[in-house]
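Here are my notes on the model you passed along, as numbered points. Have the structure open while you read, and start with the two ligands.

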Amino acid sequence: MTAPTRSTEPHIVFRSCPTCEASCGLRIEIDSQTRSVIRIEGDPADPRSEGYLCPKAYAIKEIYEDPERLKKPIRKNADGSWSEIDWDEAMDLAASRLLEIKEKYGANANGYYIGNPTGHNVGAQLYLLPVMNGLATQRSFSAATMDQFPQNIALHTMLGDPWMFPIPDIQRTEFFVCMGGNPLVSQGSLMSGPNAKKRLTAILDRGGRVVTIDPRRTETAQIASDHLFIKPGSDAYFLLAVCQVLFEEGLVAPGRLADFTDGLQEIEAIVNIYTPERVAAATGIAPETTRGLVRDFCAAKGAWYGRIGLCTQEFGSLASWLVYVVNVLTGRLDAEGGMMFTRSATGRSEAGRPAEAFEQSRYETIAQGIPEIGGQLPCGLLAEEIEEASAGEKRMRGLVTTMGNPVLSAPNGERLAAALDELDFMLSIDIYLNETSRHADLIMPSTVQLEHENYDFLFETTSVQNFSRWSPRLFEADDDQRDQWRIYCELGARLAGVPSWEIIDDMMLKGLLGMTVGPDTGCPNVTPEAAFDMLQDEHGPMRMIECMVRTGPYGDKFEPGDGDGINLRKLRAAEHGIDLGELKAARLPEAMPLDRIELCPPHITADLPRLEAALDEHSRPDRLVLIGRRQIRNMNSWLHNLPALAKGPNRCTLLVHPVDAKRLGIETGRTVRVRSRIAEIEVECQTTDEMMPGVVSLPHGYGHRLTGVRLSVAQAKQPGVCSNYLTDENVLDVPSGTHVANGIPVEISAT
Ligand SMILES: Nc1nc2c(c(=O)[nH]1)N[C@H]1C(S)=C(S)[C@@H](COP(=O)(O)OP(=O)(O)OC[C@H]3O[C@@H](n4cnc5c(=O)[nH]c(N)nc54)[C@H](O)[C@@H]3O)O[C@H]1N2
Ligand SMILES: Nc1nc2c(c(=O)[nH]1)N[C@H]1C(S)=C(S)[C@@H](COP(=O)(O)OP(=O)(O)OC[C@H]3O[C@@H](n4cnc5c(=O)[nH]c(N)nc54)[C@H](O)[C@@H]3O)O[C@H]1N2
Ligand code: SF4
Ligand SMILES: [Mo]
């Protein structure tokens with residue numbers, strides 16, 4: 001039942017949009033005969049998106065149709081040209097080269113980099129393990145260290161689960177503080193909910209306030225009730241001052257959280273010296289403004305939220321942690337209208353799950369000895385780990401990049417591009433011959449979203465409303481295409497010397513069943529063997545999802561009959577998804593793995609001296625720093641080859657405040673030179689008072705005019721320049737090893 005039968009009539013299929021976290025419901029008219037999409041509209045019957053969609057809804061159609069999308073593995077010839085090869089040959093080549101490197105130089109001579117679309121593809125998430133186990137290397141890199149990793153670290157050390165994100169209850173809040181996020185463009189991150197504009201406007205309509213704190217007057221700021229400019233990278237100072245005011249004015253009121261929170265006295269001692277006056281020069285926010293905001297927030301039912309602008313900055317962990325601290329001190333964590341926790345259908349936030357110990361410094365990078373944190377190494381250090389000149393004999397010689405484009409997305413892409421050519425072997429699992437995969441020896445493409453089923457596995461844990469959603473496959477792929485999970489499973493089997501991928505798949509499923517059904521589990525009336533036989537599919541990710549959903553909090557527990565519980569059959573029949581209701585309050589402490597909230601985790605507070613030492617530098621009035629900018633028609637680096645999304649004028653422009661522009665002698669339309677410590681680029685300038693003076697902004701994900709890429713639309717329509725050539729890979733948020741993509745010191749001059 002996974003594919004629609006081939007009918008001659010055009011017909012309507014419903015699925016969720018896999019392009020951003022919002023996961024809007026789409027109503028798609030298709031012609032199965034020609035395997036083509038006729039029309040995409042918002043699905044009015046989707047309980048979450050109610051018909052909303054954004055221009056990127058067309059991405060799935062255009063990716064599916066893109067003539068430059070790869071469908072078969074291609075291998076690089078000695079002269080640099082590419083030839084298609086079959087899957088068996090491709091798998092043999094990849095496994096033999098990676099194993100050869102492992103045998104000759106040790107497991108750590110291989111490494112991998114995992115990119116963002118992983119989060120949008122359930123098969124990719126569930127089946128990474130066989131590849132990771134097969135490689136068994138410590139050289140693990142991912143886009144996380146350019147993204148949410150500081151939040152993972154804060155949650156891991158405070159609650160015992162790095163993935164237990166508190167989500168703003170924007171449906172009920174009366175006072176929403178949004179720092180370092182632009183939900184009108186991103187559609188909400190770790191706050192997944194279609195139509196952010198409608199949801200935020202509703203707060204204002206019910207008499208509430210939306211306060212954005214951002215160095216740019218963003219699209220979100222323009223509909224908000226209040227906007228405060230803040231100097232990039234100074235959020236931790238500001239949030240310490242917020243806490244100082246809470247204590248000074250007797251506004252600390254953790255409520256029921258006090259019963260299971262440690263560190264309330266410690267935080268008071270920490271924040272004591274950070275008066276709004278002391279940090280005002282660093283933040284650019286007047287002391288009375290800070291005090292007024294704190295008083296108003298405490299007087300209303302509020303949620304205080306921070307996102308990527310608070311993560312990928314010099315003090316990302318401190319800032320991310322302090323957002324949670326503010327919510328605890330004001331009793332807003334785990335409370336209605338505050339920051340709440342989802343209860344996912346796949347059972348990943350249930351009581352009783354064990355705390356995964358927070359680990360760090362078990363090993364280090366070769367070149368500089370930068371410690372591993374939570375199993376990750378900073379992704380911008382990939383290059384030096386590969387270079388013979390930096391890492392010598394112990395360098396990385398084999399690399400797998402999958403669903404990622406680090407040459408554009410990670411710091412210092414120019415250095416990375418050169419380093420990739422030093423590798424003995426590189427495999428890219430990607431659908432395009434792009435800035436990163438052009439360096440590979442072999443590219444394995446997966447099917448794309450319309451060619452496989454999906455389940456919103458990650459975003460049911462980050463949604464502003466509980467839901468469970470399966471999406472159908474719309475078109476059968478060609479016989480010789482492979483789903484992402486199959487590629488992983490097959491590669492994993494070959495790396496492990498297991499005769500077939502089916503064995504690996506069954507082993508994984510049986511492992512899962514062993515933990516979730518049988519005596520001493522939530523499903524005591526069924527044995528793992530019996531449950532195995534009851535599953536709908538023969539293989540693949542939906543089998544695992546079926547197991548998780550049936551054993552999860554809303555599941556049928558493998559009980560006979562057609563009770564209220566959900567199962568895969570019901571999910572597959574629910575073409576608009578299943579609404580599981582509003583987020584519920586008071587899930588703590590049961591739903592967190594630690595017994596008590598650790599308000600001041602030593603791993604994070606150890607970074608406070610670094611923050612204190614930087615106060616004078618941040619207070620300097622003459623700093624000029626660069627921040628990023630997301631745009632409606634982009635998704636990081638990879639939608640620029642789609643005609644509908646690439647049209648229009650050049651979007652890769654440097655925004656500069658008119659006062660700065662005048663001082664620098666530059667103006668709109670002029671090409672200007674931007675120099676950071678590591679590089680210099682030239683880019684078109686656009687002046688606007690949206691920017692805070694002293695701050696300039698450039699979007700990331702551009703820079704497509706490199707030789708050897710097969711992205712003709714992107715190259716012709718939106719080539720842009722790569723902002724990450726300016727991102728210094730050696731400047732890190734210390735507790736998380738996350739890179740600093742916001743607040744990069746730059747110099748600007750006319751060309
Ligand atoms: N300066 C700056 N840099 C940033 C950021 C920033 O704000 N500023 N943001 C960071 C963030 S948050 C992120 S998440 C990262 C993203 O970093 P990456 O994940 O490295 O980059 P993407 O551009 O998302 O690349 C996605 C890749 O996946 C491929 N792909 C897409 N769909 C499929 C598929 O179905 N199968 C396969 N096999 N491949 C597929 C695309 O062709 C593309 O090569 O960028 C980070 N970089
Ligand atoms: N259209 C579109 N949607 C996307 C993406 C996309 O590329 N395009 N990417 C997706 C991904 S991978 C992610 S992770 C999410 C991210 O989702 P968001 O976090 O909402 O992303 P941004 O729009 O980058 O918002 C970051 C904001 O932080 C501000 N900022 C920069 N530096 C600082 C600082 O030091 N302090 C403060 N307070 N603010 C600062 C920036 O001006 C910007 O407004 O979006 C997702 N959605
Ligand atoms: S907001 Fe996100 S999920 Fe919704 S249509 Fe646009 S890209 Fe798709
Ligand atoms: Mo991201």
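1. A word on naming before the ligands: helices (H or I, at least four residues) and strands (E, at least two) are DSSP runs, numbered from the N terminus. Keep in mind that this is a predicted model, where local features need pLDDT of at least 70 and side-chain atom pairs count only at pLDDT 80 or more, while totals for chains, interfaces and linings use all residues. Residues are numbered from 1 along each chain as its sequence is written, chains are lettered from A and ligands numbered from 1 in the order in which they are written, and side-chain values use heavy atoms, with hydrogens and water left out.

2. Let's take ligand 2 first. Its shell holds 30 residues, and the closest are Ser186, Asp214, Gly233, Asp235 and Asn634; a residue is in the shell if one of its heavy atoms lies within 4 Å of the ligand. Helix H6 (183–186) and helix H13 (308–311) each put at least two residues into that shell. H13 gives the most, with 3 residues.

3. What sort of residues make up the shell around ligand 2? By class there are 10 nonpolar, 14 polar and 6 charged residues. The sorting goes like this: Ala, Val, Leu, Ile, Met, Phe, Trp, Tyr, Cys and Pro count as nonpolar, Asp, Glu, Lys and Arg as charged, and the others, Gly among them, as polar. Domain 1 (149–340 + 593–608) and domain 2 (624–750) both give residues to this shell, so ligand 2 lies between them. The domain bounds come from an automatic or database domain assignment.

4. Now the polar contacts of ligand 2. A polar contact is a pair of N or O atoms within 3.5 Å; within protein, one must be able to donate a hydrogen and the other to accept it, and residues adjacent in sequence count only if both atoms are side-chain atoms. A polar side-chain atom of Asp235 sits 2.7 Å from a nitrogen atom of the ligand. A polar backbone atom of Ile213 is 3.0 Å from a ligand nitrogen, and an N or O atom in the side chain of Lys56 is 3.2 Å from a ligand nitrogen. Taken alone, ligand 2 exposes 920 Å², and the protein buries 97% of that. Those areas come from the Shrake-Rupley method with a 1.4 Å probe; for residues, only the protein chains shown count as cover.

5. A backbone N or O atom of Asn116 lies 2.6 Å from a ligand oxygen, a polar side-chain atom of Gln484 is 2.9 Å from a ligand nitrogen, and an N or O atom in the side chain of Arg630 is 3.1 Å from a ligand oxygen. On its own, ligand 1 has 920 Å² of accessible area, of which the protein covers 96%.

6. Is strand E13 mostly covered or uncovered? Mostly covered: 5 of the 5 residues in E13 (302–306) are buried, where buried means under 20% relative accessible area, exposed over 50%, and partly exposed in between (1.4 Å probe, protein chains only). Gly302, Trp304 and Gly306 point one way from E13, Ala303 and Tyr305 the other. Strand E9 (175–179) pairs with E13 in the parallel sense over 5 bridges, with Cys178 opposite Tyr305. Pairing takes at least two bridges found by DSSP.

7. A few backbone spots to check. Most residues other than glycine have a negative phi, and most peptide bonds are trans. Leu588 and Pro589 are joined by a cis peptide bond, with omega about 0 degrees; Pro589 is in the loop between strands E23 (578–582) and E24 (597–598). Ala136 has a positive phi of about 50 degrees and is partly exposed, at 43% relative accessible area. Phe558 has a positive phi near 60 degrees, but counts as buried at 3% relative accessibility.

8. Last, a side-chain pair. Asp607 lies in the loop between helices H24 (602–605) and H25 (608–613) and counts as buried at 4% relative accessibility. A polar contact of 2.7 Å links the side chains of Asp607 and Arg610.
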